[in-house]
Amino acid sequence: MPRHPVDEFRPLSRLIPFGLQHVLVMAAAPISSVFLVAKTLDLTPDLTVRLLSSTFVLAGLGTLLQSFGPWHLGARLPFVMLPGGAPVILFLAIAQEHGVRTAVGAVILTGAFYFVALPLFSRLLRFFPGIVIGTMIVLVGVTLIKSGAQLITGKPSSPGFGDPTHLLLGLATIAFTVLLHRLLRGVLRQLAVVLGLVAGTALAAALGELRFDGIGSEIVALPTPLPFGPPEFDVLAAIPLLIFALASMAEATGQTVLNAEVVGKEIDVRRDAPRTIRGDGLVSLLGGFFGTSLMVTSGENIGIVRMTGVRSRFVTVVAGLVLVAIGLFAPLVRLIDAIPPSVVGGTAVVVFSVIAVMGVQMLRDYDLSDHRNLLVVAVPLGLGLIPVLVPGIYDQLPSTAGILLDSGVAVGAASAAVLNVLFNHLRTTERSEDTVAA
């Protein structure tokens with residue numbers, strides 16, 4: 001039997017550039033998350049370098065785990081792992097209120113919680129059909145578009161918000177990517193994402209926007225176990241991260257279904273989604289011992305797979321090896337960090353928009369002229385977009401409730417699943433009862 005394209009090993013001359021493309025698009029996430037932690041907790045330059053090393057190495061190992069999928073750990077799909085944005089914010093909130101050792105303990109507890117909660121969550125996966133997953137993917141795409149746009153503009157409260165030069169670089173990178181995809185052919189067209197990023201970086205260099213300040217002077221940076229000292233465990237303090245883990249499981253389920261659809265591989269969601277979740281849990285658990293926050297599968301690279309059409313999981317194997325190399329070789333981190341956030345943001349907006357469109361494509365399989373299906377999609381989209389469109393709307397609520405409601409993806413997924421049961425599963429029961437009565 002011929003191998004499925006996702007399992008085909010391509011020549012290294014093709015695997016390496018495509019793997020680098022995945023890395024360059026997602027590299028801003030680990031760098032920005034570590035710098036945010038370092039700035040907030042006032043870490044020393046040496047500790048910051050080692051935390052960067054740990055983050056990149058764990059992202060690489062997690063990517064290899066998801067790509068190879070040994071021992072039912074990992075999806076055996078072209079996934080890349082990175083530190084989640086929301087978990088970093090929650091990690092810092094716990095660290096500021098209870099101390100950084102308690103925050104580290106919360107990450108370890110949450111990593112273990114993935115495995116404890118997974119059997120129950122697996123039983124609920126039958127309530128996540130394509131109409132629920134598609135709605136969730138649209139919300140994931142829109143949420144990520146916002147994150148990419150903020151790399152271009154900065155946050156509204158930050159100095160230099162909407163700087164014209166940054167806007168120019170972001171929009172120019174989007175234009176470069178689209179034009180290259182239109183004009184190039186063959187392998188070069190498949191590399192349009194990274195070539196657009198390179199063109200945007202060249203424009204940034206011409207405008208004097210590249211910075212090679214770096215941190216520290218080390219050549220080799222090795223991950224340091226327990227960089228903050230022994231962890232302290234407090235279940236109550238860990239509740240925000242535990243709640244996020246539930247939302248992360250739902251998101252990982254949607255990403256597994258979407259990734260499989262993009263590569264054209266038939267999967268059993270009740271078997272394969274837990275494999276993805278176990279990989280997330282194991283890498284997050286390990287990350288806690290090296291001072292990082294939760295590590296999650298990235299939706300960014302799914303958009304890249306869709307744009308390039310290169311479905312082999314060995315591309316992300318190469319990406320994982322590159323991430324490990326970056327983590328061990330400090331100058332590579334400084335080189336990648338020199339790419340302006342606005343250029344990365346322009347690339348991200350293109351990739352994330354593709355994800356949102358893929359969610360719409362999944363919804364096309366359902367008859368939305370049926371008012372039941374229409375409500376299953378429309379109401380969760382509205383609820384999920386509220387925190388995206390009106391940031392801070394839940395700030396006056398108790399912290400635990402605010403954290404849960406502020407995740408548009410979690411709210412959208414939960415409400416879509418509930419409405420699907422209400423309108424579709426219960427409707428079937430009602431029809432059966434009516435038939436018996438007749």
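These legends walk you through several close-up views of one predicted model.

**About the model.** Residues are numbered from 1 along each chain as its sequence is written. In this predicted model, local features need pLDDT of at least 70, side-chain atom pairs count only at pLDDT 80 or more, totals for chains, interfaces and linings use all residues, and side-chain values use heavy atoms, with hydrogens and water left out.

**View 1. How confident is the prediction along the chain?** The chain has a mean pLDDT (the predictor's confidence in each residue, from 0 to 100) of 80, and 91% of its residues reach 70 or more. Residues 432–438 have pLDDT below 50, and beyond near neighbours in sequence this stretch has 0 contacts (heavy atoms within 4.5 Å) in the model. Where pLDDT is low, the predicted coordinates should not be read in detail.

**View 2. Helix α5 packs with helix α11.** Helices here are DSSP runs (H or I, at least four residues), numbered from the N terminus. Helix α5 covers residues 100–124 and helix α11 residues 269–288; their axes are 7 Å apart, at an angle of about 165°. Axes are lines fitted to C-alpha atoms over the stretch in contact, and angles run from 0 to 180 degrees between N-to-C directions. The two helices are therefore roughly antiparallel to each other (over 145 degrees; under 35 is roughly parallel, 65 to 115 roughly perpendicular and the rest oblique). Among the residues of α5 that meet α11 are Val104, Ile108 and Phe115, while those on the α11 side include Pro274, Ile277 and Leu285. By class, this contact has 12 nonpolar, 5 polar and 3 charged residues. Nonpolar means Ala, Val, Leu, Ile, Met, Phe, Trp, Tyr, Cys and Pro; charged means Asp, Glu, Lys and Arg; the others, Gly among them, are polar.

**View 3. Helix α1 meets helix α13.** Helix α1 (residues 12–26) and helix α13 (residues 314–328) pack at about 60°, with axes 8 Å apart. That angle makes α1 oblique to α13. Look for Leu15, Phe18 and Val23 among the α1 residues, and for Phe314, Val318 and Ile326 among those of α13. The residues of this contact divide into 13 nonpolar, 3 polar and no charged.

**View 4. Two phenylalanine rings form an aromatic pair.** Rings of Phe, Tyr and Trp (its six-membered ring) pair if their centres lie within 6.5 Å; planes under 30 degrees apart are stacked, over 60 edge-to-face and the rest tilted. The count comes to 1 aromatic pair. Phenylalanine 68 and phenylalanine 314 are edge-to-face, 6.4 Å centre to centre, with 75° between the planes. Phenylalanine 68 lies in helix α3 (residues 45–68) and phenylalanine 314 in helix α13, so the pair ties together parts that are 246 residues apart in sequence.

**View 5. Helix α1 also packs with helix α9.** Helix α9 (residues 192–206) and α1 have axes 9 Å apart, at an angle of about 50°. The pair is therefore oblique. Gln21, Leu24 and Val25 in α1 meet Ala192, Val193, Val194 and Leu197 in α9. This contact has 6 nonpolar, 1 polar and no charged residues.
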